[in-house]
Amino acid sequence: MATAQLQWPMALAVRLHDCPRGDPPIPVPYDPTFLNATHTSLLVVQDHKPTRASRLTVTVLNGSDGKRVPLVLKSTDTIDKLQRSLLRKRPDLTGSLNLAYNGKPVQGHQSLGELGVKNGATFITFQRCIGG
């Protein structure tokens, strides 16, 4: 009985006009089952390995008075927990406590790990003006 042997990866020839930036043509590996396909879809698979929560020391800089508040949190903690910890140390910051990290406002449901927060990171409080 003869068996067909699948060779993987095969290379698809790339013409120079297919490279808009003038990159040199490089053979692109492809699965031969897609040779005559007109459409395909990709499925994103997330690796659900349990991650070990690491302890982080972050600083919150009050944009109004320039005071810094150090906090020790876990990478799995959310921004809501960070805000609660901050309010325990600085109850005078009640009201609209808006935080920014890397120049972007952060949402309460986001975890420090999702945001890519590293040890020693700084969050900045800011005031949001309502109106037009």
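In this predicted model, A100 sits opposite I124 in β7 and opposite P105 in β6. Strands here are DSSP runs marked E of at least two residues, helices are H or I runs of at least four residues, and both are numbered from the N terminus. The pairing of β5 with β7 is antiparallel and takes in 3 bridges; two strands count as a pair if DSSP finds at least two bridges between them. β5 also joins β6 (residues 104-105) through 2 bridges, again antiparallel. In that hairpin, 2 residues separate the strands, and N102 takes a positive phi near 55°. As for the side chains of β5, N98 and A100 point one way while L99 and Y101 point the other, and all are buried, where buried means under 20% relative accessible area, exposed means over 50%, and partly exposed is in between (1.4 Å probe, protein chains only).

Now to β3. This strand spans residues 55-61 and is mostly covered, with 5 of its 7 residues buried. It is joined to β4 (residues 68-74) by 7 bridges, running antiparallel, and V58 has L71 as its bridge partner in β4. The hairpin of β3 and β4 has 6 residues between the strands, and G66 in this hairpin takes a positive phi near 80°. β3 also runs parallel to β7 (residues 122-126), with 3 bridges joining the two.

T59 is part of β3 and stands opposite T122 in β7. T59 counts as buried because its relative accessible area is 18%. Leaving out residues up to four places away in sequence, T59 touches R68, V69, P70, A121, T122 and F123, a contact being heavy atoms within 4.5 Å.

N62 is found in the loop between β3 and β4. With a relative accessibility of 7%, N62 is therefore classed as buried. Its side chain reaches the backbone nitrogen of S64 at 3.1 Å. Again setting aside residues up to four places away in sequence, N62 touches K67, R90, L93 and T125.

What about the nonpolar core? The term covers buried Ala, Val, Leu, Ile, Met, Phe, Trp, Tyr and Cys residues joined through side-chain atoms within 4.5 Å. The largest such core holds 18 residues, and V58, L71, L82, L112, V117 and F123 touch the most other members. Two or more residues of this core come from each of β3, β4, α1 (79-89) and β5 (98-101). In soluble globular proteins, nonpolar side chains tend to be buried together. V117 is in contact with L56, V58, Y101, L112 and F123, leaving aside neighbours within four places in sequence.

Then there is confidence, given as pLDDT (the predictor's confidence in each residue, from 0 to 100). The protein chain has a mean pLDDT of 77, and 69% of its residues reach 70 or more. Confidence is highest in β4, at a mean of 94, and lowest in β1 (residues 10-12), at 50. Over residues 1-8 the pLDDT is below 50, and this stretch has 5 contacts in the model beyond near neighbours in sequence.

A few notes on bookkeeping. Residues are numbered from 1 along each chain as its sequence is written, and side-chain values use heavy atoms, with hydrogens and water left out. Because the model is predicted, local features need pLDDT of at least 70 and side-chain atom pairs count only at pLDDT 80 or more, while totals for chains, interfaces and linings use all residues.

Note on methods. Polar contact = N/O pair within 3.5 Å; in protein donor to acceptor, adjacent residues only side chain to side chain.
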